[in-house]
Amino acid sequence: MAPEPPLLSMSGITKSFPGVRALDGVDLDVQAGEVHCLLGQNGAGKSTLIKVLAGAHQPDTGSIRWHGEEVTLRSPIAAMRLGIATIYQELDLVEHLSVAENVHLGHEPTAAGFIVRGKTASASTAALLKRLGHAEIDPARLVGDLSAAQQQIVSMARALSHDVRLIVMDEPSAALDPDEVDNLFRIVGDLTAAGVAVVYISHRLEEIRRIGDRVTVLKDGRAVAHGLPAKSTPTREVVALMTGRNVEYVFPDRPLSPPPGEPVLTVRGLSRQGEFEPLDLEVRPGEIVGLAGLVGSGRSEILETVYGARKPTAGQVLVDGRALRPGSVRAAVRAGLGLAPEERKAQALLMLESVTRNVSVSSMSRFSRGGWIDRGAELGAARAATRELSLRPDNPSVPVRTLSGGNQQKAVLARWLLRGCKVLLLDEPTRGVDVGARAELYAVIRRLADEGLAVLLVSSEVPEVLGLADRVLVLREGRVVHTAPARELDEHRVLDLVMEGSPA
């Protein structure tokens, strides 16, 4: 008896854009009920491939088979009718519509040929949300009022509102905390148990090992590995396939002893009621200090309060011994602080503007002459700052939205480099950044510190904090429970501290 064909088989898929061959003969097969992980650095072709699968792009050559039959996916509607749903990293929800309206957008419930709204749409939406373990989300609530995690659940409900057989999830955990990731994985497990296939894209290799069945790796538009076992393939092998070189989670060398000199950043008794308790810390020029803790421990709130984006309940922030005006970003920036926030697209970058404007925006007074901006000087300064960080492409005139995640982060760092900041505050500096670019960012951050910058770092990834920082403050529920040189800690010790929270 002949074996069942794969649910999906893509063979020899090519796709070119002006000057770029995005896909070069890619093969991908997905079995019903499996989680097939798609890996690759930014620019490897993952987004183009899933847009071909979603019917948003038409391949130049190649074939797509569904249940063994050749099909043509001429549009996203055609893909959806077959049972293929795609949940993009940038969720395509309509914020001013309700949850129920978003779930049924484009295929509203009908009766006797007429669209039915109200109770019918709300009831079916509520049933889907209950299936996803989120019955608490009100179908009548506006999507714009939901958290990022809840909006993702709405996107999943919309996918399940069709007779879906395959769901593509593009970086679904990027904006989720650990509990929400656990719920996501529970949902994926329920879907695959029911025979639904999942194509899962993530930069987090530990997630791939936890949730995946098989892995396909893309590099430069080609599939360099097909169907590797997700749980048993060594991480080193996967990273080497993605990057073309043996990049490991190895961090730049740290100084053997603390840097000399007086602290450039001093925090005394800083607190915010309900968010974090009184905190003392110091960061010297050339030093990287890390804050480690679970979501809700107060990490990001501390960083934003130091930066002046939140007003403290008590305490002081001093730069070079001079106290800053509490709750004033302007005072912080003038004193030499710069922040690279967790949500860089929403909070740091002007996505429709050029790299030049994104780099120069905090230093515009340097290029203003009698009310006019010296565009040549602005461009030259931006080019010098981006070249110092090896930002690619080496063309600051391109829109920042066209850059990879790692290069967008470099644009944020270049802004503060151009401003001449003394203290760099980094919140989740490698979120949404692929493995190869992470190693490059680590090297950039370490080099900036070695050149005299003081760095205060927050990351939800404990290995990142321990590998990059010189000293670590461990937080639990807004309280510092341990402080030590990073080389004296390991991941298990930090996790024990954040779970137990006993001061040491």
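In the predicted model, V306 is in contact (heavy atoms within 4.5 Å) with L265, V267, L270, V317, L337 and L425, residues up to four places away in sequence being left aside. V306, L265, L337 and L425 are among the residues with the most contacts inside the largest nonpolar core, which comprises 80 residues. Such a core is a set of buried Ala, Val, Leu, Ile, Met, Phe, Trp, Tyr and Cys residues joined through side-chain atoms within 4.5 Å, where buried denotes under 20% relative accessible area with a 1.4 Å probe, protein chains only. Helix α15 makes the greatest contribution to this core, with seven residues. A second, separate core of 45 residues includes L128, L129, V154 and L228. In soluble globular proteins, nonpolar side chains tend to be buried together.

Residues are numbered from 1 along each chain as its sequence is written. Local features require pLDDT of at least 70 and side-chain atom pairs pLDDT 80 or more, totals for chains, interfaces and linings use all residues, and side-chain values use heavy atoms, without hydrogens and water.

Helices (H or I, at least four residues) and strands (E, at least two) are DSSP runs numbered from the N terminus. Strand β13 (residues 265-272) is joined to β14 by five bridges, and L265 stands opposite V283 in β14.

R438, located in helix α15 (residues 435-450), is buried, with a relative accessible area of 6%. Contacts of R438 beyond four places in sequence are formed with T430, V433, E461 and E464. R438 is also one of the residues nearest the centre of the largest cavity, together with E171, R204, R431 and G432, in a lining of 13 residues. On a 1 Å grid over the protein atoms alone, a cavity is a set of points where a 1.4 Å probe fits but cannot get out, and lining residues have an atom within 4 Å of a point.

Key
Buried means under 20% relative accessible area, exposed over 50%, partly exposed in between (1.4 Å probe, protein chains only). Two strands pair if DSSP finds at least two bridges between them. On a 1 Å grid over the protein atoms alone, a cavity is a set of points where a 1.4 Å probe fits but cannot get out, and a pocket is an open set with protein on both sides within 12 Å along at least five of seven lines; lining residues have an atom within 4 Å of a point.
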